[in-house]
Amino acid sequence: MAAKARERYYVTTPIYYVNDAPHIGHAYTTLACDVLARFMRLDGYDVMFLTGTDEHGQKVEKSARAAGMDPQAFTDQVSQNFRDLARAMNFSNNDFIRTTEQRHKDACQALWRALKARDQIYLGSYAGWYAVRDEAYYTEAELVDGPDGGKLAPTGAEVEWVEEPSYFFRLSDWQEPLLKFYADHPAFVAPETRRNEVISFVKSGLHDLSVSRTSFKWGVPVPDDPDHIMYVWLDALTNYMTAAGYPDTECAEYTRYWPADLHMVGKDILRFHAIYWPAFLLAAGLEPPRRVFAHGWWTNEGHKISKSLGNIIDPYHLIEDYGLDPVRYFLLREVPFGKDGDFSHRAMVNRLNGDLANDLGNLVQRVLSMINKNCGAQVPAPGALSEDDQALLTAAQELVDSVRRVIRVQAFHEALEAIWTVVRAANAYVDRQAPWVLRKEDPARMQTVLYVLAETIRHIAILTQPFMPDASARILDQLAVPEDRRAFAALGGEGALTQNTPLPKPEGVFPRYVEAEATAESAG
Ligand code: MSP
């Protein structure tokens, strides 16, 4: 236990383009990382959890211009939106990186020099297609027909023809080493289907990659050639190492946290993380990250989300409508992580009223109010355990192992499903044991039953903390579990509730969602 306690875990979100207002996509990626970070901390790990903003490049420069602002002043202002979102979503990141910080420019230039010194970068000239929205180069063959006969990027982004002097990275030299790397590290790209896509893309042949631009200025200058600025993806990807102290590879942070354990990304940016990034790092003689997980995309009531359709899902509205923890729960429970999912009001309300208010909320409320009324508002005193008692307790105690197993592979929905199996088992046990009948017939037995239930709820609430930090804390408060007994080390018999501990007055944790129309109807 003690040795494991100091193992480290480094998890990152993509850094977000500041030109957009934060939306559900940003909230989702960071939420997944937040749950991992909280989970690993509770499991005794020393966690570094990084998020931040991607502030260079043509796209951001354009937006600054459209706002009539200097790019630095613009990014200073809009980067704050992402810090605010992190606070509103209760994210527990340890650092927030901005690519316009000096520490980051130093890291980018150092990585460039390392690549140059190894002859991995050469000067040439680029002539081809570029999509500003994706900040990506496309070959002619990759383009698709647009609705008005013009050519578009495969992502649907507009492309423009670019011809300029450019430095190139020898990506084509890395085809075989990358394929070997994927073969040697089968868990590097997840889920499996994405891994297959990455491998077949690499097998289809890699071209050298243009890594500098000369037609605009908003970026990190190329060392010793200030007419060039670095390609924004080379700049952006480096953030993961900047935050770990690069280029000082001897420093405590770097030796402790690099390579990162996990880069969480959306499926749209997998190519950059699973192909370019490990190639840059291998070429510079640095260690690639251990894993890249590509999650799916949300649609809104069945429709693709886009600014032009005006159907962006604003995380602040979700929090206001349903409450923060129900939203956090829904996003990770509704859709198998890695798959695309649809956000609908009905699905959200079903989860809130079903899983949260009915299943967990009622369980906690019933048990705590019975204890409050019938056990002198103290942790009940258990007698000998029956087989049924022991079965429920064992299920609760063994839960952490199964949850840990699926969290390791980012299967959040399975973790929640496993926890809810015990929630439902506890509800069935209440019905079977009928403590309200025991109250008159066998009060000692009632105490045992309520103790078993309180212990089960303690296990459940400790395990739901990464997903729903506030609601879980409120449940643990109602069980008078001290702050320092809420980590996974306190699961099992170790941190068991002590009989006769006074308990506060119970309060509901998950209010039911009532439709506005229904309220109006019942009022009228
Ligand atoms: N700046 C780059 C990342 C650089 S990382 C070195 C970038 N930024 S972004 O702001 O566009 O990132 C958006 C993130 O949100 C991506 O992970 C993307 O997949 C995610 N989403 C954007 N829209 C989404 C949905 N509709 N649904 C789920 N996630 C989506 O890319």
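Modeller: In helix 3 (residues 58–66), Q58, K59, V60, E61, S63 and A64 are buried, where buried means under 20% relative accessible area, exposed over 50%, and partly exposed in between, with a 1.4 Å probe and protein chains only. Helices (H or I, at least four residues) and strands (E, at least two) are DSSP runs, numbered from the N terminus. This is a predicted model, in which local features need pLDDT of at least 70 and side-chain atom pairs count only at pLDDT 80 or more, while totals for chains, interfaces and linings use all residues. Residues are numbered from 1 along each chain as its sequence is written, and side-chain values use heavy atoms, with hydrogens and water left out.

The buried residues of helix 3 pack against strand 2 (16–17), strand 3 (46–54), helix 4 (71–88), strand 5 (121–131), strand 9 (160–169) and strand 12 (212–213); contact here means heavy atoms within 4.5 Å. After helix 3 comes G68, with a positive phi near 70°.

Helix 14 (residues 345–374) is also followed by a glycine with positive phi, G376, at a value near 65°. Helix 14 itself has a kink of about 40°, centred on G361; the bend at a residue is the angle between axes fitted to the seven residues ending there and the seven starting there.

Positive phi also occurs in residues other than glycine. One of them is E301, with phi near 50°, in the loop between strand 16 (298–300) and strand 17 (303–304). E301 counts as partly exposed because its relative accessibility is 45%. Another is A434, at about 40°, located in the loop between helix 16 (412–433) and helix 17. With a relative accessible area of 12%, A434 is buried.

Helix 17 (residues 435–441) contains R439, which is partly exposed at 40% relative accessibility. Apart from neighbours within four places in sequence, R439 is in contact with N374 and M446. M370 is 69 residues from R439 in sequence, and their C-alpha atoms are 9.5 Å apart.

Two peptide bonds are cis. Y246 and P247 are joined by one with omega of about 10°, and P247 sits in the loop between helix 9 (239–242) and helix 10 (252–257). W258 and P259 are joined by the other, with omega of about 0°; P259 belongs to the loop between helix 10 and strand 14 (262–266).

Now the whole. The protein has 20 helices and 18 strands, and 57% of its 524 residues count as buried. Of contacts between residues at least 6 apart in sequence, 77% join residues at least 24 apart. Along the principal axes, the C-alpha atoms fill a box of roughly 90 × 60 × 40 Å.

The accessible surface comes to about 21800 Å², 51% of it belonging to carbon and sulfur atoms; areas come from the Shrake-Rupley method with a 1.4 Å probe, and for residues only the protein chains shown count as cover. The mean positions of the 53 positive and 71 negative charges lie 4 Å apart. Lys and Arg count as positive and Asp and Glu as negative, with His and the chain ends not counted; each charge is placed at NZ of Lys, CZ of Arg, CG of Asp or CD of Glu.
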